[in-house]
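Biologist: Please take a close look at how the chain is divided into parts, and at how two of those parts sit against each other. One connected answer will do.

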Number of protein chains: 2
Amino acid sequence: MKTQPLKGMRDLLPAEQALRDHVQGVILNTYRAAGFRRIGTPILEDIENLDKSDGGDNLNLIFKVLKRGDKLTAALGAGDAAALADMGLRYDLTVPLSRYYAANRDRLPTPFKVIQTDRVYRAERPQKGRWREFVQCDIDILGDASPNAEVELIDVTARALLALGFEDFTVNVNDRRILRAMLAGMGFAEDALDSVCISFDKLNKIGPDGVRDELAAKGMPPAAVAALDAFLRGGDLGLEPLAARLPDPALADDVRTVLATAERAAGGRYRLAFAPSLVRGQGYYTGMVFEVTCPQFADAIAGGGRYDNMVGRFLGQSVPAVGFSIGFERVCAILLERGYAIPDARPRLALLYRPEADFAAVLQKAAALRARCDVTVLPQQKKLGRQFGALEADGYAEVAFADNDEIRILGQKDKN
Amino acid sequence: MKTQPLKGMRDLLPAEQALRDHVQGVILNTYRAAGFRRIGTPILEDIENLDKSDGGDNLNLIFKVLKRGDKLTAALGAGDAAALADMGLRYDLTVPLSRYYAANRDRLPTPFKVIQTDRVYRAERPQKGRWREFVQCDIDILGDASPNAEVELIDVTARALLALGFEDFTVNVNDRRILRAMLAGMGFAEDALDSVCISFDKLNKIGPDGVRDELAAKGMPPAAVAALDAFLRGGDLGLEPLAARLPDPALADDVRTVLATAERAAGGRYRLAFAPSLVRGQGYYTGMVFEVTCPQFADAIAGGGRYDNMVGRFLGQSVPAVGFSIGFERVCAILLERGYAIPDARPRLALLYRPEADFAAVLQKAAALRARCDVTVLPQQKKLGRQFGALEADGYAEVAFADNDEIRILGQKDKN
């Protein structure tokens, strides 16, 4: 039997799990206070839903679940490898949410403000900080086409990050419509823009040379590739100069509104910025996209965007939708690295009992002590000093005894 | 695209999810207060670990994940159907915990008191109340061979159920060693006892006729099958008459101790009972097994037992272990049916704004109101009475307005 977890997956020790539970609690409390409501969807989805979901490179990273029984036998008999699986593990929470909204819309309010915090799966090559099983914390607003929805998501997501002690961060905003107009202006064909965006988004991973080579390999027009390359190397442009060059300057109105309103809502606690080279990987984004960056970290700690056409694929009728996802794993890794201490952690006490003790009475004494702290009952060892040391190393603050009223505070020098 | 969740899996509406989060919170708080610490393990496990895990009928219900890339091509080329999958979705939390303990033992205290609350998967035929994806809430104690561990698990699990409002319940206790001695006494062969137990455990599902027929179909000795059949139809025996018939009466000592001690710890708030026909399905149980039943419900709401050999399969060295699992889905279904109201739910307020409002100021007003309640910002509709009705139906208690200080309590007659 193998004792290690599968490649790219993790066992979480008690201290890590406690940090994750705390972080999730802070995020959930912030989101709930803002009127968002949590839902749940299965981790498995129909494989066709996933395959057709326009998730960019994520579609190559789906873990597929083998058919069972007669259906497996039939698929094997037909020798059709593509027909072996009928389900897959979801690669994000947006596709399941879109399906969910289509299935349950009659029972949901409009606009629907929703929280999801749950596991997703991607069969990526494992590397530091990148996992095959990880948690996303999303909020979404469905049924609201106004840019106020973007402003609200930025406000609430930023409040969650502030509550976790993040301070020096920037919310970067772009609009796919501006991006597409700009790329079309460079000479890329309209029906190639999704594919160009997917390559473009890898800028941080593969650099401008990588983007240029990938676009060339995709057979894109050399002049267009050269124009994009020059743009990528020339640094970012401001919103107004870029807007002035757009065929329809009104394309910049939503970004302008969102930046100005979110900036005032922020009240100086974090920054807003226009980021014309921001893409986000998923193919399903249709309008604004955003990403939260901190100067200390190379990768974004949150990201999202508007995906007005996704629910329509399930429902046959378009529903405006926009979401913002906190990179839960990255946030936890940063807090762990910073030595973040859980602010409201209850003290832990060990109640020691001797072999001859009445164990029912021990449990009753423990229950009484639990009003004030977390209480573990443990057999008292002969070498009490050594036991105290082990308990302190394991994070216990106090020791009590079943057979007397003494309470020993750990980490203090013995006075005797 | 398909809008419904997969067969046997569920979308959770906001009210259901809120109940589940509350129930999980009550259980986690109870377990943490008792010094248990939560860990996390991946939902996927190596397929060999699962296949060799002695999980009884659950082994036939594993969702398997298809290999990827070259390994899939190789498996397809070899035409070996059994080699198509390299991972599986776990069917319980005990197998992953045993692997986890073997992998991380050096960093864990002894005894290790651990909480797991997470999803598991079984490809069962879907039916009312039985899901293919469901949540288990487990506590386990590893590294403690004393029956005090059983008593502690019973005490803490019962406290969680009491905290959720369950009152009229019984903790039924048996010991696999007694059961095996009794079955051996009836004439079943030693190496057939696991298989007999697995059939025996289906008593509630398939009745005594079903058990008898299944044992006969397995080729068990007819005299032994007849003796068991007579026992199943004769009703339960008391502990002492049964102990007197055992080849080694000391086999009943642990059950006797656990029943007496847990009874005193219970202090009359729930009942303890010896249940000689209690088996529990998993093959891995080695000693005591337990189950919580309520007179109102056919199925158990919690169950567990001692599995002293499971960690040893991973570690090559035996570690005593015992666990108790609350049937989270069943508990939630019962509470939902009872119309359980979440006791500490914050009131929900809708803050309405007009199209001309300064949205940044609206968000700031909302933030100020959140000290007292959950606040959603929503565009004010022209038909205000209709909007009030919809908000009330959606569970809002109050309405406030961005442009004045009025607060309207919903559900009260308009005084004007």
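Modeller: Domain bounds here come from an automatic or database domain assignment. On that basis chain A, in this predicted model, is split into domain 1 (1-43 + 90-165 + 294-345), domain 2 (170-279) and domain 3 (349-409). Between the C-alpha centres of domain 1 of chain A and domain 2 of chain A the distance is 24 Å. Where these two meet, 11 residues of domain 1 of chain A touch 11 residues of domain 2 of chain A, with heavy atoms within 4.5 Å counted as contact.

The setting for this pair is the whole chain. Its C-alpha trace spans about 85 × 65 × 45 Å along the principal axes of chain A. The secondary structure of chain A amounts to 15 helices and 15 strands. Among contacts in chain A with a separation of 6 or more, 68% join residues 24 or more positions apart. Of the 416 residues in chain A, 56% are classed as buried.

On confidence, the mean pLDDT of chain A is 93, with 99% of its residues at 70 or more. The model's scores are ipTM 0.92 and pTM 0.93.

Technical notes: Residues numbered from 1 in each chain as written. Chains lettered and ligands numbered in written order. Predicted model: local features only at pLDDT ≥ 70, side-chain atom pairs only at ≥ 80, totals over all residues. Heavy atoms only, no water. pLDDT = per-residue confidence, 0-100. Helix = DSSP H or I, 4+ residues; strand = E, 2+ residues; numbered from the N terminus. Buried < 20%, exposed > 50% of the residue type's maximum accessible area, 1.4 Å probe, protein only.
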